Amino acid sequence: MMITSMAQVTVDLGALRHNYRQLRARCAPGVKFLAVVKADAYGHGLVPVARTLAAAGVDYLGVASVEEGLALRAAGVGLPVLLLMGVLPQESEKAVGAELEVVLFRRDLAEALEAACRTQGKRARVHLKVDTGMGRLGLFPGEVLPFLAGLADCPHLEVVGLISHLAAADEEDKSYTRKQLEEFASLVAEVRRGGWAVPLSHLANSAALTEIPQTHFGLVRPGIMLYGSPAAPQRPAPVSLKPVMSFTSEVLQVKDLPPGASVSYGRTYLTREWTKLAVVPVGYCNGYSRLLSNRGAVLIKGRRAPIRGRVCMNLIMVDGTHIPGLEVGEAVTLLGEDQGSRITAEELAAWAQTISYEIYCALGAANPRRYTGE
Ligand SMILES: Cc1ncc(COP(=O)(O)O)c(C=O)c1O
């Protein structure tokens with residue numbers, strides 16, 4: 001692989017398309033598919049990911065901020081875009097102007113959106129957020145009907161659906177998820193009896209999409225599995241996924257250290273024997289967590305080389321004693337596949353005491369990205 005920078009993220013758009021098709025195949029015809037591309041598409045790059053998925057057939061995109069919504073519009077993406085975290089009142093004009101759909105959970109936001117709609121002579125599509133047990137954004141179920149009734153003075157707002165988020169869909173024990181599902185389903189029915197059609201009610205993240213079809217309603221809302229990771233690191237996803245992101249570098253220096261030499265800040269690693277140390281120009285400023293100190297490993301020539309000593313801001317040191325012919329300039333794979341060996345985001349996440357989501361966001365945000373499989 002041609003490396004074009006000291007630390008390089010590569011995004012395989014072919015793998016992204018593959019993952020989308022796997023997930024779409026789990027949904028009944030007629031169920032709409034919202035690809036969660038918030039946080040710069042989990043670090044994979046908002047616009048390239050959105051364009052690829054739009055061409056592949058997704059119906060909707062979900063973003064975290066008005067800026068992300070506007071970036072999609074500026075890139076010519078015409079699909080419906082949902083602002084998953086809602087908007088701030090002062091952002092309403094922009095959201096309405098760009099025809100972004102909005103998750104709604106505050107009366108003052110409804111008023112700000114209504115005012116923006118009046119000014120611009122437009123209507124806005126909103127999705128009412130309900131907290132069925134996530135303990136995060138949203139109205140409590142008992143607040144939904146009164147809130148809807150209060151929207152009578154906001155005739156420019158069209159409530160197209162209810163949205164709720166699952167707290168534990170990735171766990172093997174689905175009892176809490178079933179409770180949330182029951183709560184959500186009965187609320188959707190109650191709201192419909194009250195005269196609101198809410199055709200686009202939605203609940204399903206990746207884990208629920210693949211494991212609990214009853215959560216699909218009118219629209220599914222997966223993120224992580226599009227990017228090739230299971231939702232629960234300890235269990236493989238029930239669909240075949242291809243990793244989308246890889247992260248590579250190259251050996252900057254090779255040196256032989258005698259037994260008893262120390263490596264990196266704080267002298268947390270002492271060599272036990274003559275050691276061939278490879279210095280790699282990646283550090284925590286590249287989103288490669290300092291928690292990987294003395295824990296992580298990289299691939300060189302298809303073999304694992306463990307990290308020795310602390311991860312620095314721009315450098316790590318790895319032990320390549322067992323790698324024949326190790327030389328300066330050799331490709332280093334920190335995430336991804338090399339000659340049949342692989343380091344997964346789940347593995348990196350376990351070493352760094354986090355989840356694959358954070359690994360992708362951190363690496364994607366801090367490094368140049370290139371795209372393959374266009
Ligand atoms: C509101 C909302 N819906 C859907 C998702 C997608 O979840 P996942 O990436 O687990 O599929 C997220 C992700 O955090 C989210 O915040």
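The expected span of a helix is taken as 1.5 Å times one less than its number of residues. In this predicted model, helix α8, which covers residues 175–193, has 19 residues, and the distance from its first C-alpha to its last is 27 Å, close to the 27 Å expected at 1.5 Å a residue. Glycine 195, with a positive phi near 105°, follows α8.

The buried residues of α8 are Thr177, Gln180, Leu181, Phe184, Leu187, Val188 and Val191. When α8 is viewed down its axis, these buried residues fall within an arc of 135°, and they therefore line one face of the helix. An α-helix has 3.6 residues a turn, so residues three or four places apart point the same way. On the face of α8 that is turned away from the buried side, the exposed residues are Ser175, Glu182, Ser186, Ala189 and Arg193.

At the level of the whole chain, a division is made into domain 1, spanning 13–227, and domain 2, spanning 245–343. The centres of domain 1 and domain 2, taken over C-alpha atoms, are separated by 42 Å.

Definitions and conventions. Residues numbered from 1 in each chain as written. Predicted model: local features only at pLDDT ≥ 70, side-chain atom pairs only at ≥ 80, totals over all residues. Domains from an automatic or database assignment. Helix = DSSP H or I, 4+ residues; strand = E, 2+ residues; numbered from the N terminus. Buried ≥ 20, exposed ≤ 12 C-beta atoms within 10 Å, placed from the backbone. Arc of directions from axis to C-beta.
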